[in-house]
Amino acid sequence: MHTLRGLRGQGSGVTRPIVFLVTRSVSSNVGVGGSNPSQYCLELVRRTDHEHYLTNLLLPAALQTDSFAIRAFSSEISGVRDVVSERTLGQMRLQFWRDTVAGLYRDKCPNHPVAVQLYRTIKRHRPSEQLFMNLIRSREQFLSDKPFNSLDEVGDYGQDAFSSVYLILLELMNNKNGHLKHSVTQLGQCEGLITLLRALPYNASKRRCFLPTQLLSERDLSAEKIIRCDGENVQKEITEVIEIIAARAEEHLMNARFRAKHLTMEEVMVMLPCVSADHYLTRLSKAGCNVWDKSLHSRNSWLPGSLYWHKFKRTY
């Protein structure tokens, strides 16, 4: 089995209040949801998803506004778990967004700035409704605090929660490049695994553990041991689990980069989040796969410059 250190040696939330929303039929020049819903989406992504905020700014100008709308939608649903105290309330919020997406395709839009901007995107491009539903579905598991059973399940989560965003962008671009579709699917699975690791200390502080039970049971680890870990003198078995997950993320990252020579300049810009993923995995490896290490919980000041450099070089 590959390890993160081995692969590395080869190279290479904002709390939001619950609001009551009124649905109305709207026309293509909808004006509800505030005077500037596109700016609202941009600011929401900037506050809640800084790395994708940076990569969005480097997308082709014609794609940026729609991309921020999709990222803002993703931020809204990903934040549901942390703004509700009961599973039922979370299910209600996800159902609201499920009904909202269905309504947007039928010219019904709630008075919510993210929904308004998303409606404009859908009206212009008619991307797949199912991809938005996949995004919502990806968050249902977290409402019950149920851990993943296996790494393959985490991969499925990554496809729904992250690959779906990129696949929507491809539809907005009217892009049929199979190489790019494969690459964004791999990138999404990589981001799902990295998100699982990055969120581990925070979730543990809330007495939640989503690490695959299969990996834990193979090492006689319990969720309670993960929750009680404070980052000091981390058990070797815990480090091994983290390293295995990180190594799988590294494999997906390499697969996402493998077809770079088949991509155009515009397509390469869609893949720039690979740079963010690579930075995190490198820092994690240097921290000895200790996700509690303080170096992993400060904003990466080198990332903006690195992203611009990769854009200049047309690489990711």
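## Basis

The model is predicted: local features need pLDDT of at least 70, side-chain atom pairs count only at pLDDT 80 or more, and totals for chains, interfaces and linings use all residues. Residues are numbered from 1 along each chain as its sequence is written, and side-chain values use heavy atoms, without hydrogens and water.

## Helices H2 and H4

Helix H2 (residues 37-48) and helix H4 (residues 61-78) have axes that come within 8 Å and cross at roughly 55°. Helices are DSSP runs (H or I, at least four residues) numbered from the N terminus, and axes are lines fitted to C-alpha atoms over the stretch in contact, with angles from 0 to 180 degrees between N-to-C directions. H2 is therefore oblique to H4; angles under 35 degrees count as roughly parallel, over 145 as roughly antiparallel, 65 to 115 as roughly perpendicular and the rest as oblique.

In contact (heavy atoms within 4.5 Å), residues of H2 including Tyr40, Leu44 and Val45 meet residues of H4 including Phe68, Ala69 and Ala72.

## Aromatic pairs

The whole structure holds 10 aromatic pairs, with ring centres within 6.5 Å; planes under 30 degrees apart count as stacked, over 60 as edge-to-face and the rest as tilted. Tyrosine 157 and phenylalanine 162 are edge-to-face, because their planes stand at 90° with centres 6.0 Å apart. Tyrosine 157 is buried at 7% relative accessibility, and phenylalanine 162 is buried at 10%; buried means under 20% relative accessible area, exposed over 50%, and partly exposed in between (1.4 Å probe, protein chains only).

Tryptophan 309 and phenylalanine 312 are stacked, with centres 5.6 Å apart and planes at 25°. Tryptophan 309 is partly exposed at 47%, whereas phenylalanine 312 is exposed at 63%.

Technical notes:
Helix = DSSP H or I, 4+ residues; strand = E, 2+ residues; numbered from the N terminus.
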